[in-house]
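Let's walk through this one together, question by question. Take a look at the sequence and the model first.

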Protein chains: 2
Amino acid sequence: MTEVADRPTGTSSRPAPAGQPVVDVAALGEQLLGKWAHVRRQARELAARPELHKTEGLTHTEHRKRTFGQLRYLVDNDAVHRAFPAALGGSDDHGGNIAGFEELVTADPSLQIKAGVQWGLFGSAVMHLGTEEHHRKWLPGIMNLDIPGCFAMTETGHGSDVASIATTATYDAGTQEFVINTPFRAAWKDYIGNAAIDGLGAVVFAQLVTRGVNHGVHAFYVDLRDPATKEFLPGIGGEDDGVKGGLNGIDNGRLHFSNVRIPRTNLLNRYGDVDADGTYSSPIASPGRRFFTMLGTLVQGRVSLDGAAVAASKLALKTAITYAAERRQFNSSSLTEEEVLLDYQRHQRRLFTRLATTYAAGFAHEQLLQKFDDVFSGAHDSDADRQDLETLAAALKPLSTWHALDTLQECREACGGAGFLIENRFASLRADLDVYVTFEGDNTVLLQLVAKRLLADYAKEFRSVNFGVLARYVVNQAAGNAVHRTGLRGVAQFVADTGLPQKAAIALREEESQRALLTDRVQTMVAEAGSALRGASKLPQREAAAVFNRHQDELIDAAQAHAELLQWEAFTEALARVEDPGTKTVLTWLRDLFGLSLIEKNLSWYLMNGRLSMQRGRTVGEYINRLLTKIRPHALDLVDAFGYGPDHLRAAIATGAEKLRQDEARAFYRTQRASGQAPVDEKVLLARKVQSAAT
Amino acid sequence: MTEVADRPTGTSSRPAPAGQPVVDVAALGEQLLGKWAHVRRQARELAARPELHKTEGLTHTEHRKRTFGQLRYLVDNDAVHRAFPAALGGSDDHGGNIAGFEELVTADPSLQIKAGVQWGLFGSAVMHLGTEEHHRKWLPGIMNLDIPGCFAMTETGHGSDVASIATTATYDAGTQEFVINTPFRAAWKDYIGNAAIDGLGAVVFAQLVTRGVNHGVHAFYVDLRDPATKEFLPGIGGEDDGVKGGLNGIDNGRLHFSNVRIPRTNLLNRYGDVDADGTYSSPIASPGRRFFTMLGTLVQGRVSLDGAAVAASKLALKTAITYAAERRQFNSSSLTEEEVLLDYQRHQRRLFTRLATTYAAGFAHEQLLQKFDDVFSGAHDSDADRQDLETLAAALKPLSTWHALDTLQECREACGGAGFLIENRFASLRADLDVYVTFEGDNTVLLQLVAKRLLADYAKEFRSVNFGVLARYVVNQAAGNAVHRTGLRGVAQFVADTGLPQKAAIALREEESQRALLTDRVQTMVAEAGSALRGASKLPQREAAAVFNRHQDELIDAAQAHAELLQWEAFTEALARVEDPGTKTVLTWLRDLFGLSLIEKNLSWYLMNGRLSMQRGRTVGEYINRLLTKIRPHALDLVDAFGYGPDHLRAAIATGAEKLRQDEARAFYRTQRASGQAPVDEKVLLARKVQSAAT
């Protein structure tokens with residue numbers, strides 16, 4: 001098998017009614033595969049193999065063993081070395097590496113995340129935070145899995161607040177060693193993949209202390225276990241995190257260190273080093289910037305979760321929409337034929353709005369991945385590029401991971417009891433993806449980072465202007481500023497790009513109207529928050545924090561609105577590249593559905609702030625309902641374009657079995673009616689009696 | 001142990017700041033326990049025992065065995081016979097039976113639901129649909145678990161549409177037998193608890209056919225397996241549903257029947273019988289009413305899921321709020337002390353809004369349970385009472401079960417990585433409760449039943465009035481109509497109770513304002529839908545269905561708004577019974593938070609329809625934020641009043657362990673600072689340099 005089983009190979013196989021647009025499924029599928037289509041195809045071919053599939057119903061002990069074996073399978077099949085240096089057998093391909101990695105989620109999310117721990121976190125930390133000697137010494141063993149390892153950053157007492165971790169690495173000039181120590185229980189490393197069983201080595205994050213000065217969080221390579229006995233080395237201890245809500249193929253655990261001594265050269269010293277005599281040096285003078293630079297090398301975790309979440313959403317929608325197009329329930333429109341679920345308005349609303357969001361999130365992810373590749377390949381690697389990448393990842397990962405959980409759940413419910421059976425996979429995927437919303441940066445924390453960036457941009461533009469001046473500034477800005485190619489925009493640009501949105505009669509279906517409404521909301525929310533927080537930085541810290549806290553909720557909302565706008569822009573840019581007119585028409589409906597769903601969700605804001613009239617507000621819901629009807633005939637094409645075959649879906653209700661059952665049932669009743677042997681319904685009998693009594 | 005471990009025994013143990021109200025936790029706890037407090041206490045004492053607790057990490061095979069054993073334990077401890085006839089060792093206590101049953105969810109939802117299958121569905125069907133001979137013959141064995149059995153209603157091809165099931169029971173007068181038959185694959189019974197392994201008997205629902213007439217769905221007692229060999233009897237076959245998203249202690253499976261013959265007297269004949277010669281008779285002439293009467297006896301499933309969902313929400317909030325009051329993260333307000341999570345505005349919003357909804361859902365459930373007991377005890381057992389009960393259950397069960405999933409998930413996320421560990425139970429409970437939203441009536445289908453009832457009530461009131469007359473009718477209605485004691489109201493009553501809500505200046509914190517806004521919305525939505533659908537019933541069926549479908553989404557929204565109003569009314573009525581002034585003040589804030597959260601959620605509707613001005617709309621969010629701050633000091637009291645102890649919570653992070661860790665960490669740093677041995681932070685060093693350079 002060198003091709004994915006049922007990759008779309010032509011236009012829709014479903015006949016379109018006259019005058020209806022037709023989706024070119026193959027071309028759309030190609031566009032969705034994006035820049036790294038070839039890598040995705042390879043990875044999907046791999047993910048389709050039974051060896052890599054999740055076996056349901058295993059104990060967590062059995063599942064862990066299976067997943068570890070699958071990691072070896074990935075090594076044997078050259079699937080996981082793309083990002084590593086060519087000199088060591090990799091191919092220095094950062095974007096392609098993530099693209100391939102994301103697709104593994106379709107085989108088993110545990111496999112994806114365990115691979116992510118080994119190569120994306122542990123290996124990446126050695127690669128990006130270490131220097132050449134470290135690469136030569138450890139990367140080969142990491143790459144070929146001789147050294148399964150941990151990324152020991154998070155502590156029980158500190159999740160997303162990495163700067164506050166309490167593990168220390170104190171330099172001892174006498175022996176030229178660092179002493180790694182866990183001062184108290186809250187400083188145990190926790191939730192660490194590979195820590196409970198498999199990890200032989202670890203990159204441990206700790207506060208680097210030398211000559212009485214704490215230089216902040218640095219990464220240290222530490223041997224954890226004796227490779228022969230698999231026992232912890234002296235001074236190291238730990239605990240198993242046990243069963244989790246999902247991802248039970250990974251042996252998460254806790255680690256603690258009691259004055260464990262490691263050579264000075266085990267400091268991964270790319271961004272900070274300690275001389276033999278204990279002198280600290282760093283190419284980055286500011287401790288704050290140094291910290292963010294080091295952590296910034298780890299952004300790929302967020303990027304890949306964003307992509308994996310989109311992939312899982314696609315699987316769920318493909319299954320649920322396939323089933324809904326076959327399943328019949330309730331005979332509302334005739335006495336003998338029941339309705340197909342997908343013809344019910346509520347069912348369309350439940351599934352198509354999420355389909356639209358999935359397309360938007362997918363297109364946004366492709367932009368994020370390209371930005372990531374630009375930075376990590378060195379093509380566009382300025383400080384500003386790195387900051388943009390961080391912000392973009394922090395904005396998109398929360399939305400796509402929450403969306404995946406929401407979509408998996410809605411699809412599971414839309415399939416009723418069948419959706420709850422593991423054979424249909426929704427519940428399994430949902431359980432595994434649950435933690436995506438809080439790991440690699442808690443979603444709520446990430447959105448606050450985005451909000452801070454938006455505020456900073458706002459402050460930069462309007463540092464010395466009072467709020468009243470803002471309106472004039474907006475008007476005076478000429479449109480046509482180059483839009484940043486990543487889709488990340490400064491606040492000022494939103495305004496410049498879109499002009500004044502408060503026009504009386506906005507036709508909601510026009511692209512420019514949607515853009516104006518969405519951008520205006522972000523801009524206004526940021527400006528309002530910025531205005532409310534102005535001067536807070538001059539207050540004593542406690543009062544400043546209180547002011548900030550009183551606006552925390554709206555700041556997070558503003559960040560989310562910003563991220564949604566980025567998704568909408570990405571969808572719109574992708575739409576501009578569609579050439580086939582039928583596809584373009586249908587995708588435009590889908591983009592409009594996405595845009596209008598966002599506007600509907602925040603309709604109260606638009607009304608309260610005078611952006612939409614009461615009358616126009618009332619048309620939003622109606623227009624969405626009309627779009628649902630238009631999209632209905634193309635729903636199967638739109639999920640076919642995802643390109644996932646039966647070996648990726650592996651859902652009993654996505655196999656056509658339901659259609660066979662429905663057809664068999666209808667044929668039975670047809671035959672029975674034709675035979676004259678069908679029992680008469682008591683209700684019909686009663687109706688006849690009533691009729692004959694009346695005549 | 002005869003009392004629940006840590007049942008609140010006094011007023012809040014936390015000192016209140018001067019001038020702050022104090023919650024009487026014990027009295028509030030007593031009120032929350034409701035009418036069947038004694039039963040709940042007994043059931044909680046039982047649920048606290050380790051023998052009944054879910055063991056995490058079992059395979060589904062092991063879990064099934066454990067759960068079956070626990071059912072015997074319930075029998076041995078007299079925990080499950082309350083609803084059965086006194087003559088057979090029960091106590092004819094319907095309300096108490098449900099109250100006790102609900103509390104089992106805290107031990108293991110699989111135990112709850114497996115007990116529900118055996119006694120609440122299988123046993124109940126024999127009791128309510130059968131007659132005395134059936135009771136004597138089967139109830140003793142069902143009660144003592146000699147006959148584990150199935151409630152075989154749902155089919156693969158028909159979930160919530162029971163009227164359309166395809167299994168037939170055709171009477172053969174020659175042998176005086178019914179022939180049970182499964183005509184095609186879609187007619188297999190599916191998702192049936194006890195079907196895969198344990199079930200020896202079953203109540204099978206099938207279309208009763210005699211003398212060529214189909215009299216609709218009836219229930220038949222069928223022996224499934226040989227008690228000695230546990231093998232299926234001839235003509236019966238099945239399949240295991242396998243692993244599910246949760247509830248894996250229950251052996252759900254599929255069943256099919258190939259012309260299986262059972263005695264005529266195995267028809268559970270309370271509502272329909274067949275003579276030896278094949279003549280059908282029923283005390284209920286209308287086939288439609290007969291069907292709903294038979295199914296109506298099964299409403300207790302919905303009632304008990306409503307209560308169990310509230311209980312699970314309480315467990316989650318008690319754990320998450322306890323943890324959030326101890327856990328510190330990010331030092332935003334000082335350099336040395338980190339913030340307690342519960343002081344963050346977003347965290348309060350995430351948890352307190354759900355706390356308010358949980359109180360509302362709990363009070364509404366108590367009303368539902370009393371209504372249920374009124375009907376089933378025969379105290380108030382008219383057709384109208386039964387219909388009200390059905391509608392009330394159909395309205396409340398969707399909201400509380402969705403709320404439980406939402407709350408479990410939000411609490412899990414609010415506890416970060418710790419929330420994902422099974423040792424903290426959120427993920428386990430969430431997985432088990434997932435199916436509550438689609439079984440015993442799919443939530444979306446149930447809300448449509450409610451909508452139909454609302455439309456019918458509307459049509460009854462305004463049958464001959466055109467829409468313009470409605471406004472006058474509203475104005476002319478005098479206020480003060482007796483509110484139906486169950487909280488279920490006809491549409492006309494809403495209007496009469498509340499008068500005209502569109503007043504210019506509504507103070508949102510006033511009870512009457514909230515009521516007016518909430519009732520007006522329901523009334524208007526139903527009236528609008530009713531108006532849009534008027535005349536549809538006269539159209540040909542296909543067109544009528546299309547018109548209905550175009551309004552499906554708004555009808556479901558209207559039903560939900562109605563159910564939310566019922567919750568708000570229940571909360572408000574409960575509030576009126578609170579005597580302690582401190583408790584009353586705090587609970588009023590919580591009720592206001594619930595009411596305003598509903599208004600905020602639907603704010604666009606209030607704005608679009610001129611019920612709130614733009615200006616007042618903008619105050620809703622601010623007022624909610626102020627309520628959060630007011631509730632903050634009482635949050636722990638409010639979850640303590642739920643009365644669940646450590647043996648119910650069984651969450652590592654609800655034990656105070658986090659506080660110990662935090663205290664230990666802070667003590668460490670304090671000691672270090674005091675010793676003068678603390679390393680100097682590089683940032684502080686740099687700041688000093690800058691300062692000394694400047695002076």
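**Contacts, fold and interface**

Q: Among contacts in chain A between residues at least 6 apart in sequence, what percentage join residues at least 24 apart?
A: Two residues are in contact if their C-beta atoms, placed from the backbone, lie within 7 Å. Of such contacts in chain A between residues at least 6 apart in sequence, the share joining residues at least 24 apart is 73%.

A word on the source: this is a predicted model, where local features need pLDDT of at least 70, side-chain atom pairs count only at pLDDT 80 or more, and totals for chains, interfaces and linings use all residues. Residues are numbered from 1 along each chain as its sequence is written, while chains are lettered from A and ligands numbered from 1 in the order in which they are written.

Q: Why is chain A as compact as a globular protein of its length?
A: The globule rule is 2.2 Å times the number of residues to the power 0.38, and the radius of gyration is taken over C-alpha atoms. For 695 residues the rule gives 26 Å, and chain A is as compact as such a globular protein because its radius of gyration is close to that, at 28 Å.

Q: How many residues of chain A are in contact with chain B?
A: On the chain B side, 84 residues take part. By class these are 31 nonpolar (Ala, Val, Leu, Ile, Met, Phe, Trp, Tyr, Cys and Pro), 21 charged (Asp, Glu, Lys and Arg) and 32 polar (the others, Gly among them). The number of chain A residues they touch is 84.

Q: Which residue in β6(B) is the bridge partner of Asp681(A)?
A: Strands are DSSP runs of E, at least two residues, numbered from the N terminus, and two strands pair if DSSP finds at least two bridges between them. Strand β12 (residues 680-681) of chain A runs parallel to strand β6 (residues 213-223) of chain B, joined by two bridges. The partner of Asp681(A) there is Asn214(B).

Technical notes:
Helix = DSSP H or I, 4+ residues; strand = E, 2+ residues; numbered from the N terminus.
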